[in-house]
Amino acid sequence: MQDLYLHNSQTRRRELFVPANPSHVRVYVCGPTVYDLPHLGNVRAFVDFDVLVRLLRTLYPRVTYVRNITDVDDKINARAAASGEPIGAITARTGAEFQADMAAIGNQPPDVQPCATAHIPEMISVIEKLIAGGHAYEAEGHVLFAVASFSEYGALSGRSPDDLLAGARVEVAPYKRDAGDFVLWKPSAPDLPGWDSPWGRGRPGWHIECSAMSWRYLGTDFDIHGGGSDLIFPHHENERAQSLCAFPGSDFARVWLHNGMLQVNGEKMSKSLGNFFTLRDVLARAPWEAVRLLLLSARYRTVLDFSDTGLTEARDAMDRFYRALQNAPAGAHAPVPEAFLAALCDDLNTPAAIAELHALAGPALAGDAHAAAALKAAGNLLGLLQQRPEDWFRGDGDDSAILAAIEERLAARRARDFARADTIRADLAAQGVVLEDGPTGTTWRRTN
RNA sequence: GGUCCGGUGGCAGAGUGGUGAUGCAGAGGACUGCAAAUCCUCGAAUGCCGGUUCGAUUCCGGCCCGGACCUCCA
C-alpha cells in the first residue's frame, strides 16, 4: 500500500501517517456554526477534508469521519436578536442550507454530524471530569478551565502562556485566575438558550462541544483532527487542553491538519470582514466542478487567492478533462494511477495530482481509452469528473432550437453560404452556445 | 510587540543539494471555408545579503515583503 505522509501542525513536520488502528481510521473536523450561508473560505476547508477522507477510504478499510454542527453560539444569538428570527429557526434553516451547499460542491456527507445542542450531557460530563481533576473551577456562575493546571498548554499553537498575555486584545474578566483561562460553561439569560447543569442554568463555552463530541463518537484517542488555520488558537489549543486533562493518559488527536485561508484580492475572506462570497454567489457564475477544481488547485496548507481568472482557467481545464473523458468507453474501469495516488499521499499535493490529470488527458484525447478511464478514476478521488461529458457540456434544457439552428447552418455550409453559416454561429455564441465542426460533424456546448 | 507560515516565469502553482513540474496567457506552425477544439515547436522564474558546500532555488543566519493567529472565524 502507498505510504501516506501528512504535515502535522502540532510537530510542524511532514510525518508518515500511522493510524492507531489501521482497520479503523478516525477523523474529526470542525464543522460550521449555523447562522449564515457558507462562504467560499468555509467551503475550501470542507472540500480539502473531503478529499482527505476520500483518500483515506481508498487506503483503509474503514474510516469514521465526524464533523460537528455548532448550533449554540453567541453569534447565533446575536443574529436572532438582530433579525427577529427565532434561534431554532435560524439554526434549522442555515443547517439545511449548509447540507445543500456541501452536496452542491460535491462533498460526501460525513459519517456523523453531531449537533452541539444534542450533546449537552456529554459536555457537562467532561466539565465535571475537569473540575474533579483540578483543571477547572467555578467562579461567579461560570466554569473556567485553569490554564496553569496544564503544563503543555500552548504546545499546539507554539506559544507560551506569557506570550498570550503580551498582546491580548480583550479585557480579562475579573473572576479569572489567569488571563488565559477560558470558559467551559457560562450562565445564560432567561431569553437565551440554556440548560440545567450542576452550576445552574447556562450554556457551553465555544470549545467544549468538540471535546465532548469527539469523545462520544471517536473515543478519547483518534487519528486526525482537521480545521482552518485560524482555529489553531484558541479553539484547538483549548480543545486539546480540555480533552487531555479530562482523559489523563490519552493522546486526543495524534495528527492535526490545518488548511490555509482563502483570500480575495489579497485579503482574507471572512464573515467578520464582510468581504465574503457565499458558495451560492460563486455557483451562480461557474459550474460546481470548476469551483471545486479551483479550490484544489493550491495545496490545502497554503493561502489561496480567489480570482475570476482562476475560475475561468478552472472551467477551461474541466472542459479539457471532459473532452478527454469522451474517449472512455461506457463502463470502462481503470485503477487509480500510481503517480496520481502518490501525489495525494504526499500531504495531499492536489496541484501535483491535477498535473497528473493533465498528463492523462493528453493520451485520452488522442484516443487512449485506458488513459480516459484512468482519468475518470483519478478524478473520482478529487470528487470530480463523474458526470457524463454530454451533461457537463450541454446540461439539461430544451435543445431543439439549438439543434434546428445547427441544421440550418449545415445546410448553408453545404450551399457554401459561409456568411449565413457564420451569422448563425455568431447568434448561438451570443446565447452562450459554441459550435465545433469536427470530422464527424458539428458538436456544441454551452459556455454559461 | 509576540508566535507561526510563506516569497518560484506575465499569471496560477508543484518539486528539488547537481539539466527548475503542470496549467493559463504569449509567439510560430499543422488542421479548418473561417473559427472552435486538437496536435507540434518556441521563448520565459527561484525577494535581498551573507554562511556551509566542489556545487544552494533547496540547508543555516540576517534583512525586506506578504499572510495567519494573539480569546468572533474554515
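In the predicted model, His7 makes contacts, defined as heavy atoms within 4.5 Å, with Arg12, Arg13, Arg14, Trp256, Leu257, Tyr300, Arg301 and Asp347, when its neighbours within four places in sequence are left aside. The residue belongs to strand β1, which covers residues 5-8; helices (H or I, at least four residues) and strands (E, at least two) are DSSP runs, numbered from the N terminus. His7 has a relative accessible area of 18% and is therefore classed as buried, the classes being buried for under 20% relative accessible area, exposed for over 50% and partly exposed in between, with a 1.4 Å probe and protein chains only. Arg12, one of the residues in contact with His7, is located in the loop between β1 and β2 (13-16) and is partly exposed, its relative accessible area being 46%.

The model is a predicted one, in which local features need pLDDT of at least 70 and side-chain atom pairs count only at pLDDT 80 or more, whereas totals for chains, interfaces and linings use all residues. Residues are numbered from 1 along each chain as its sequence is written, chains are lettered from A and ligands numbered from 1 in the order in which they are written, and side-chain values use heavy atoms, with hydrogens and water left out.

Chain A contains 16 helices and 15 strands, and its C-alpha trace spans about 90 × 55 × 35 Å along the principal axes. Of its 448 residues, 50% count as buried. Among the contacts in chain A with a separation of 6 or more, 75% are between residues 24 or more positions apart. The chain is divided into domain 1 (19-263), domain 2 (306-392) and domain 3 (397-446), with bounds that come from an automatic or database domain assignment. A distance of 56 Å separates the C-alpha centres of domain 1 and domain 3.

In soluble globular proteins, nonpolar side chains tend to be buried together. A nonpolar core is taken here as a set of buried Ala, Val, Leu, Ile, Met, Phe, Trp, Tyr and Cys residues joined through side-chain atoms within 4.5 Å. The largest nonpolar core comprises 77 residues, and those with the most contacts inside it are Phe17, Leu40, Leu56, Ile224, Val291, Phe321 and Leu382. Helix α1 (residues 40-59) gives the most to this core, contributing 11 residues, and at least three residues of the core come from each of domain 1 (19-263) and domain 2 (306-392). With neighbours within four places in sequence left aside, Leu382 is in contact with Val51, Arg54, Arg292, Leu296, Phe340, Leu344, Thr350, Ile354 and Leu357. A second, separate core has 38 residues, including Cys30, Trp199, Phe222 and Phe252.

A search of the whole structure for disulfides, defined as pairs of cysteine sulfur atoms within 2.5 Å, finds zero. Cys210 is in no disulfide, the nearest cysteine sulfur being that of Cys30 at 4.0 Å, and Cys210 is buried with a relative accessible area of 2%. Cys245 is likewise in no disulfide, and the nearest cysteine sulfur, that of Cys210, lies 17 Å away; Cys245 is buried, with a relative accessible area of 6%.

Around RNA strand B there are 57 residues, of which Trp206, Asp230, Leu231, Lys268 and Met269 come nearest, a residue being counted as near the strand if one of its heavy atoms lies within 4 Å of it. Of the RNA strand B atoms within 4 Å of the protein, 62% belong to sugar or phosphate and the rest to bases. A polar backbone atom of Arg299 is 2.9 Å from a phosphate oxygen of RNA strand B.

Most residues other than glycine have a negative phi, and most peptide bonds are trans. A cis peptide bond joins Phe233 and Pro234, with omega about 0°, and Pro234 is found in helix α7 (residues 232-246). Although not a glycine, Arg12 has a positive phi of about 60°. Leu385, also not a glycine, has a positive phi of about 65°; Leu385 is in the loop between α13 (369-382) and α14 (389-394) and is buried, with a relative accessible area of 0%.

Key. A polar contact is a pair of N or O atoms within 3.5 Å; within protein, one must be able to donate a hydrogen and the other to accept it, and residues adjacent in sequence count only if both atoms are side-chain atoms.
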